[in-house]
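Keep the picture in view and find each spot as we get to it.

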Amino acid sequence: MRKKPTAFPVGLYGMLLFALCWLVLPTIFAPLERILVGGVCVVVRGVASLAGTPAEAASSDNAAESQLRQSLAARVHARALPDPAAAWITGLEPVHCAVVDVGKRLGGGGAPCELLLDHTYAELAGCRQLVTKGGALVGWLQRPGSGAAADDTSTDFARVVLPNHPLAPAMHAEATLAVGDPLRLVVRAALTADPAPLRVVLWDDPWRAARLEQAGAPVRTTVGATGGVVPAGLLLGATRIWGYPGVAGQAPLTLGVYVTPAVVPRALSHVVLWRAANSGAFGLDDVPARAVARYPGVLQELPGASHGRHLLITAANVVSGAAVVQRDQLLGVVRPLAFGSALMTSFAASRQPWNLLLLSDDEAQGPIEVQAVVVAADANQVHVRVVASVEAAAEALQLPQRTAGTLFTGSNGIHCPAGLQIGRYVVDPDDGAAIFVTVPVLSGSQTVEVLAAEGGS
């Protein structure tokens, strides 16, 4: 008797292949996912409509909150400016801009080498190319249609090229050593595989340079062949020595000297551009900030809402990553679905990197711009770890101990602008690079607003 061959499970293998494609190609299947999840949420919306009237945000001291926001803006602007005595700012006035994105392109040291600002090239017409942060060099504003902005138009967000970009100019600088006269040098972008974003390509005294033993010497620009592009006195960063340490009483062998930039680009929220002062005096006139529209919505609890996922119902055209707020307090960010629904992930449940501003209660301290991630949450207490600040990488970062203040959003894209209050924070006494933040507790239906900036997508 012949045994009947087993049928090939076409359906099973077809489903496995479909699931594999769904995981490997999420962008292609994203529209289908939004429709399916949005359809499921229609049922939740129907049930929620019978649950009662959404709650309004609790009333608060609007005068105190407004004063706090004004203090934040003033202290951010003050910290972003160089020493008023710097010679190169004579006849110029600052233009404060927010950073909305760090470019995907990698430059020297494998670090990002481009920024996008919250204003278009047309809005920044008249500004010089120089972009700074405090007394440090950030980069150069591009012109649409040329260089790194060859494919940009005047209506695109302005692009800034950082010093580690392959098209960035070489810079004349000097390293201030602990002993002896400064060493003059030329710095330019390093290779992607190099240990730091910038490298020294020329010395005025190679013999002294080959005998450098201690890193961390500050490097500042000097006037040279690029004097019209880079003024003297701007901080570039600190030296990093690459080579072999000395053993058995022998001197260390220096193979090369690199420069670690003074500004960490991925933690940046604000930069300063410069234009000629109308009156010849130093002022704080800004390009008008981009308008951010607010659209009403209702936040509904989903099964498992305690894990930080909520359903947002709104008539607005929701954009992924847009902020959801109550009275200028951030609740979370959204991901659009279908049928007028969106999913909101609360700040406490998020695992994305955040650009944040730490505003200490001590007015003598300037705000600290950082990039951080949420590592744990318990009820309304959120543990946040700082991975980088504008002025220091994670391995060198230590927040001021025994300090407390208010945590605000930095610039996290055009639809999640800087200045949204998150909650009160205190520095973790056991970890100088972490904070504990108290955030609002969401329960039941809530009336909220979702943000959308004009001219953004």
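## Salt bridges

Let's start with charged side chains: there are eleven salt bridges in this predicted model. One of them brings Arg275 and Glu93 together, with nitrogen and oxygen 2.9 Å apart. These two come from distant parts of the chain, 182 residues apart, with Arg275 sitting in strand 12 and Glu93 in strand 1 (residues 92-102).

Now look at Arg159, which forms a salt bridge with Glu114 (2.9 Å, N to O). Here too, distant parts of the chain are linked: Arg159 belongs to strand 5 and Glu114 to strand 2, 45 residues apart. Arg159 counts as buried because its relative accessibility is 18%, and the cut-off for buried is under 20%. Glu114 is buried as well, with a relative accessible area of 8%. Arg159 also meets Asp152 in a salt bridge of 3.0 Å, N to O, and Asp152 is buried too. Elsewhere, a network of salt bridges links Arg69, Arg294, Asp328 and Glu449.

## Strand 5 and its partners

Since Arg159 has taken us to strand 5, let's stay there. This strand covers residues 157-161 and has the highest mean pLDDT among the chain's elements, at 95. Strand 5 is mostly covered, with four of its five residues buried.

Which strands pair with strand 5? Strand 2 (residues 114-120) runs antiparallel to strand 5, and four bridges join them. Within this pairing, Thr120 has Phe157 as its bridge partner. Strand 4 also pairs with strand 5 in the antiparallel sense, over two bridges. There, Leu141 stands opposite Val160.

## Two nonpolar cores

Next up are the greasy side chains. The largest nonpolar core has 33 residues, and the ones that touch the most other members are Trp88, Leu137, Leu185, Val187, Trp203 and Trp274. Several strands supply at least two residues each to this core, including strand 4 (136-141), strand 7 (183-189) and strand 12 (270-276).

Zoom in on Leu185: beyond its neighbours within four places in sequence, its contacts include Met171, Ala173, Val200, Trp203 and Val219. There's also a second, separate core of 27 residues, with Leu330, Ala348, Leu356 and Leu399 among its members.

## Cysteines and a serine

How many disulfides does the structure hold? The count is zero. Take Cys97: its closest cysteine sulfur is in Cys127, but at 6.6 Å that's too far for a bond. Cys97 is buried, with a relative accessible area of 2%, and Cys416 is buried at 1%.

Ser346 sits in strand 17 (residues 341-346). With 10% relative accessibility, Ser346 counts as buried. Setting aside neighbours within four places in sequence, Ser346 touches Gly308, Leu331 and Gly332.

Across the chain, the mean pLDDT is 81, and 79% of the residues reach 70 or more. Which element has the lowest mean pLDDT? That's helix 2 (residues 26-48), with a mean of 54. Over residues 279-285, pLDDT stays under 50, and the model has 16 contacts for this stretch beyond four places in sequence.

Notes:
Residues numbered from 1 in each chain as written. Predicted model: local features only at pLDDT ≥ 70, side-chain atom pairs only at ≥ 80, totals over all residues. Heavy atoms only, no water. pLDDT = per-residue confidence, 0-100. Contact = heavy atoms within 4.5 Å. Core = buried A, V, L, I, M, F, W, Y, C linked by side-chain atoms within 4.5 Å. Buried < 20%, exposed > 50% of the residue type's maximum accessible area, 1.4 Å probe, protein only. Pairing = 2+ DSSP bridges. Disulfide = S-S within 2.5 Å. Salt bridge = Lys/Arg side-chain N within 4 Å of Asp/Glu carboxyl O.
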